[in-house]
Amino acid sequence: MGRAYQNRKESMAKTAAAKTKVYSKYGREIYMAAKSGGTDPDGNLSLRGLIDRAKKDQVPSHVIEKAIDKAKGGAGEDYSPARYEGYGPGNCMVIVDCLTDNPNRTFGDVRLAFTKTKCKIGTPGAVAHMFDHCAIFAFKHDDEEAVLEALMEADVDVTDIENEDGLITVFTPNTEYAKARQALVDAFEGIDFEADEIQFLPKTTTQVEGDDIPLFEKFLDMLNDLDDVQNVFHNAEVPEQYE
């Protein structure tokens, strides 16, 4: 099937300022996961997955520990999730996931990124139905059948499983994230996830060409520069030389 997902490692921050932004986003996400599901990673699989991913993205341990300590204290900011949808350059479809302590400010900032790049922000649900909300796990393994069997035994609803050059990629509904992750960790000792997260995967893609390409890059940069934006998902396909 070859479903394309966004691998964070491919877009690692290149500058110190960008790295600080990555650390801040992880800190906020870890704080929220710890606050809502408990501060013990062994009992909170979402938190465990986030910590593992943060370490792979070279987030310093003090950033991780500070976010968990803040959640333990029960004080600090009270973030809430916000999701915005719309159409980007070339009429591609876009979903913007945020964590915010000021929804009015966040909406204004996100809307500005849309309007400054001649894009259109839509109403909730405008494009989400054209994406699958999936949990994705990718790891090195050579036995697809064994992986599928382990997931089936744990009663995990598997949407798809791929094996490409010894890299297994498992797709499940987003609601199955914790169950699927636990099943894989239990079945395969020392498993090292190359992807371990929840994403919106587009059901179709839109080719972005010509003058829309630099506009699309500007659009993504503006969104990713916003502190409240955690993730941007889209169905744009751009020529390889621009990726």
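In which strand is Pro173 found? Pro173 lies in strand β6, which covers residues 167-173, where strands (E, at least two residues) and helices (H or I, at least four) are DSSP runs numbered from the N terminus. The model is a predicted one, in which local features need pLDDT of at least 70 and side-chain atom pairs count only at pLDDT 80 or more, while totals for chains, interfaces and linings use all residues. Residues are numbered from 1 along each chain as its sequence is written, and side-chain values use heavy atoms, leaving out hydrogens and water.

With a relative accessible area of 21%, Pro173 is partly exposed, a class that sits between buried (under 20%) and exposed (over 50%), for a 1.4 Å probe and protein chains only. Leaving aside neighbours within four places in sequence, Pro173 is in contact (heavy atoms within 4.5 Å) with His133, Cys134, Ala135, Asp157 and Thr159. Pro173 and Gly86 are 87 residues apart in sequence and 23 Å apart in space, C-alpha to C-alpha.

Turning to the sheet, four strands form an open arrangement in the order β3-β1-β2-β9, with antiparallel pairing, two strands being paired if DSSP finds at least two bridges between them. The edge strands, each pairing on one side only, are β3 (120-121) and β9 (229-234). Strand β2 (residues 93-100) is joined to β9 by five bridges, and Cys98 has Val229 of β9 as its bridge partner. Helix α4 (residues 103-116) packs on this sheet, touching β1 (80-87), β2, β3 and β9, and its direction makes about 150° with that of β2; axes here are lines fitted to C-alpha atoms, for helices over the stretch in contact, and angles run from 0 to 180 degrees between N-to-C directions. Helix α7 (residues 212-224) lies across β2 and β9, running at about 155° to β9.

The axes of α4 and α7 come within 9 Å and cross at roughly 170°. That makes α4 roughly antiparallel to α7, a term for angles over 145 degrees. Their contact is made by Val110, Leu112, Ala113, Phe114 and Lys116 of α4 and by Lys218, Phe219, Met222 and Leu223 of α7.

The largest nonpolar core has 22 residues, of which Val96, Val110 and Leu223 touch the most other members; such a core is a set of buried Ala, Val, Leu, Ile, Met, Phe, Trp, Tyr and Cys residues joined through side-chain atoms within 4.5 Å. At least two residues of this core come from each of β1, β2, α4, α7 and β9, and α7 gives the most, with five.

Technical notes: Parallel < 35°, antiparallel > 145°, perpendicular 65-115°, else oblique.
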